[in-house]
Amino acid sequence: MDAEHRARMAAVFAWLEDSVRLAERHRLAGMLIFAQGGPRISRERCGARDRTGSRISATHCAIWRSGSQKPVLFVNGDTHLYKLDQPIADPATGRPVPNFTRVVVFGSPQTRWVRAGIDPKSPQLFRVSPAPQSAPRP
């Protein structure tokens, strides 16, 4: 299965790189990326080693590079716990990359939704907020 995983991830990275080139060619204001499973994104720097001695997630490095200087909103499920953050660190400074935002959407048993929109006048471009949860019915 390792060979299949490597081939699949190589295709994902190629797709991301093609998407970035297309967005740049068309001068798009930003990128929206959806995924089912959440990659292990951490504030570790691209190329750093994790506690096992392995290189930090190639996925998170590819996503960081995919953003260029334009806003990127990365939406994923999997953990089922809502999260809105800026989880990727700039390799040069270790500070959060301000143009990359991740939102992890709700899932079972909290089947709520997330409101998202675009504000072309905002430097962040994307606006995201969780929908209020209604009280359970008696």
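**View 1. Strand β2 and its parallel neighbours.** Welcome to this predicted model, where strand β1 (residues 31-35) and β2 run parallel and are joined by five bridges. Within this pairing, A35 sits opposite N76 of β2. β2 also runs parallel to β4, again with five bridges between them.

**View 2. How β2 is enclosed.** Take a look at both faces of β2: V72, F74 and N76 on one side are buried, and so are L73 and V75 on the other. Five of the five residues of β2 are buried, so the strand is largely enclosed by the rest of the structure.

**View 3. Stacked rings of F74 and F100.** The structure holds two aromatic pairs, and here is one of them. The ring centres of F74 and F100 lie 6.3 Å apart with their planes at 25 degrees, so this pair is stacked. It links distant parts of the chain, as F74 belongs to strand β2 (residues 72-76) and F100 to strand β4 (residues 100-104), 26 residues apart. F74 counts as buried at 3% relative accessibility, and F100 is buried too, with a relative accessible area of 2%.

**View 4. Stacked rings of Y82 and F106.** In this pair, the centres of the Y82 and F106 rings are 5.1 Å apart and the planes meet at 15 degrees, so the rings are stacked. Y82 lies in the loop between β2 and β3 (83-85), while F106 lies in the loop between β4 and β5 (114-118), so the pair ties together parts 24 residues apart in sequence. Y82 is partly exposed, with a relative accessible area of 25%, whereas F106 is buried at 12%.

Note on methods:
Residues numbered from 1 in each chain as written. Predicted model: local features only at pLDDT ≥ 70, side-chain atom pairs only at ≥ 80, totals over all residues. Heavy atoms only, no water. Phe/Tyr/Trp six-rings, centres within 6.5 Å; stacked < 30°, edge-to-face > 60°. Helix = DSSP H or I, 4+ residues; strand = E, 2+ residues; numbered from the N terminus. Buried < 20%, exposed > 50% of the residue type's maximum accessible area, 1.4 Å probe, protein only. Pairing = 2+ DSSP bridges.
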